[in-house]
2 protein chains.
Amino acid sequence: MKDKEKRDYKLEDLPSGIAISWGLDKQPQRGPKRELSINQIVETAIEIADQEGLAALSMSRIASSLGFTTMSLYRYIPSKDDLLLLMQEKVSDIDYPTEESEADWREKMRQYVKICISVFQTHPWFGDIPITSVPLTPNQLKMVDIALRTTRNLPLNDYEKMSIVLLLSGYARWCGIIMKDMNTAIQAGKSPGAISGLDYSAALKKLVTRERYPDLYPVLMSGAYTEENEGENTLGDDFDFGLERIIDGIERYLLSKEKKR
Amino acid sequence: MKDKEKRDYKLEDLPSGIAISWGLDKQPQRGPKRELSINQIVETAIEIADQEGLAALSMSRIASSLGFTTMSLYRYIPSKDDLLLLMQEKVSDIDYPTEESEADWREKMRQYVKICISVFQTHPWFGDIPITSVPLTPNQLKMVDIALRTTRNLPLNDYEKMSIVLLLSGYARWCGIIMKDMNTAIQAGKSPGAISGLDYSAALKKLVTRERYPDLYPVLMSGAYTEENEGENTLGDDFDFGLERIIDGIERYLLSKEKKR
DNA sequence: ATAAACTGTTTATGATATATACAGAACTTG
DNA sequence: CAAGTTCTGTATATATCATAAACAGTTTAT
C-alpha cells in the first residue's frame, strides 16, 4: 500500500540496542535535564565488569556506583541485554592505522588476531557475552572491516573473504576465552595450575589407564597434558601454533587456486 | 611432615563434581532408601535444557518435573554448578569405533570435529556452559583420547599433539556455538535471517559508508556479508572451508618437519 | 498558562540458588 | 532386639536479581 514508508530505510526497526549504538535514539525534547548519560552508565558498567566480572554486574550495582537508584538506569537503557551490547560495542573501539601497512598478508592476519585477543585480555567478560547475531554495531563492523583488510590484495571472492574473516575472528575469540579462563583461575587464588590441570595431575594419573585411554595415557604420563613443564612449552605457544597452522592453510588455498588458472 | 598422606592419591581432594563423575562419592550407609539418583536428576536436567534451553533450567524446574521439592536435589548434588558439569559429562559419552579405522589422518580429524559438533547440535546448551578447566571427567577425557588418536601415527611430539587437539576441539566448539545461535534465532520465530543479518541488510546498507568502512563496503553491497544468496553459499560451507584450511595447515607443518630431516 | 513529555524515586512482583531446621526412616552397634 | 546415629525428603527463610507500575516534580511546546 504505502510503498514509500516501506522503502523508507526503516532504521527505527533495528533492535533497540543497535539503534542506540548508531545514535539513532531520539533525544527527549521536554522534561527535566538528564543527570546521567548512556555513556556514563556503559563506562561504569565496564569498570565494574573489568574488576569484578560479569557475574557481579547487576543493575543495582551500577546504579549505586553512580549514586542513583536502580530504576533510574531504565530511563536510559531499555534492558540489561542492551547494556551488554553497548558494553561490547564500546570496548570494540580499537584504533588501527589507516595508512596501508607494508606488512604481507600473513603478518596482517597475525596482527588482527592479536588485536582481537587483546580486547579479551583487557576485558575478560567480553567472551562471556554470547553472540546473538552477525556484528551490526559501528565499532564491531569496524573490526570486520579491519579483518577484511588483511585479504584486500588477495585473489579471493567476497564469500571466501568472509569465510576467512569468520575463521580468524572465531580463532581469536576462542583463544581469548581460554586465556581468560586461565587468568581467572589463577587470580582466584587457586594454585596457578588449577585450570591447566596441574593440581589434579596426580589424581588423574591414578584414574587414567592405558586400556581405557590408549592415546591419552602416554601424553598424560609425559606431563604434556597438564602442562607440567612450565616455560618449556607454554599455552601461549599453543595459540601461536594454531594460528600459524590456520595461516598456512589459507596460504595453501591461495596457492592451489593460483595453480588452477 | 606426613609424607604418606601427601602421597596418598588424594582423590577426594578433587572438586566435588569431578569426584562424582568418577564415582568417587561415597554412598550413604544408613538412613532411608533414596528415592532419586544422581543419574535421574542429570537426565531430567538434560531433557529440560534440550527442550527449553539452559536459561529455563532451574533447580525447582527439575525438582517439580521429578515430583520432588527443590531442596531434595541438594541431597544428591552439592550445587547447580556441579549439576552443569555432570550434564556436560553425560552428553560427552560418545561411542566411537575402537578398531583402527582405515581412514587417513585428515579424514579422522574431519570425523572427530563432526562428532564434536554433533554434540552441540543435539544439546544446544552445551556451548553455553563456560570452560573452567582442562577436561578432567571420564567421558571428556575420552573425547581427548579420540582427538589424540587422529595424530597416533604422525611424527609429532606430545606437545605438538596437544596443540593440534586444542586447535581442533576449539574449532569444533566455536562452530557448534555459532550454529546453535543460528538455530536458536530461527526457532525463536525471528525470521531466519535475523542472526545472519539479512533482516537488517537494508538498514546496514544505509549506515555503512565506503569512507568509513572501505573493505566492508563492497562485501556488504554484494550481499556476501548478510548471506543474501541462500543455497549458493551457506554458512555450513564456511565451516567446512575453515576446517579444510586448518587441516591443510597441519599437513604443511608435517611436510616441513619431514624436509628438515 | 496549560498540557504534554520526561525525570528520578518508591514500591512491588516473581524469579532465583541455597542455608537451616525438622520429623521420620533405616542401618549399626550394644 | 533396642538405641543411637545417619540419612532422607520437606518446609521455611533469606538474599539477590530484572524489571513493571505508579508517583510527584520539572522542563518545554503550544
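**Exercise 1.** Leaving aside its neighbours within four places in sequence, which residues is L168(A) in contact with?

*Solution.* Residues are numbered from 1 along each chain as its sequence is written, and chains are lettered from A in the order in which they are written. The model is a predicted one, in which local features need pLDDT of at least 70 and side-chain atom pairs count only at pLDDT 80 or more, while totals for chains, interfaces and linings use all residues. Contact requires that the C-beta atoms of two residues, placed from the backbone, lie within 7 Å. With sequence neighbours within four places set aside, the partners of L168(A) are M109(A), Y112(A), V113(A) and A147(A).

**Exercise 2.** Describe how α3 and α5 of chain B pack.

*Solution.* Begin with the geometry: helix α3 (residues 38-52) and helix α5 (residues 80-91) of chain B pack at an angle of about 80 degrees, and their axes are 9 Å apart. The axes are lines fitted to C-alpha atoms over the stretch in contact, and angles run from 0 to 180 degrees between N-to-C directions. α3(B) and α5(B) are therefore roughly perpendicular to each other, a term for angles of 65 to 115 degrees. Then list the residues: I38(B), V42(B), A45(B), I46(B) and A49(B) of α3(B) meet L83(B), L86(B), M87(B), K90(B) and V91(B) of α5(B). This contact has nine nonpolar residues, no polar ones and one charged, where Ala, Val, Leu, Ile, Met, Phe, Trp, Tyr, Cys and Pro count as nonpolar, Asp, Glu, Lys and Arg as charged, and the others, Gly among them, as polar.

**Exercise 3.** Is K142(A) buried, partly exposed or exposed?

*Solution.* First locate K142(A), which lies in helix α7 of chain A. Then apply the cut-offs for other C-beta atoms within 10 Å, namely buried at 20 or more, exposed at 12 or fewer, and partly exposed in between. K142(A) has 19 such atoms and is therefore partly exposed. Finally, K142(A) and M221(A) are 79 residues apart in sequence and 46 Å apart in space, C-alpha to C-alpha.

Key
Helices (H or I, at least four residues) and strands (E, at least two) are DSSP runs, numbered from the N terminus. Angles under 35 degrees count as roughly parallel, over 145 as roughly antiparallel, 65 to 115 as roughly perpendicular and the rest as oblique.
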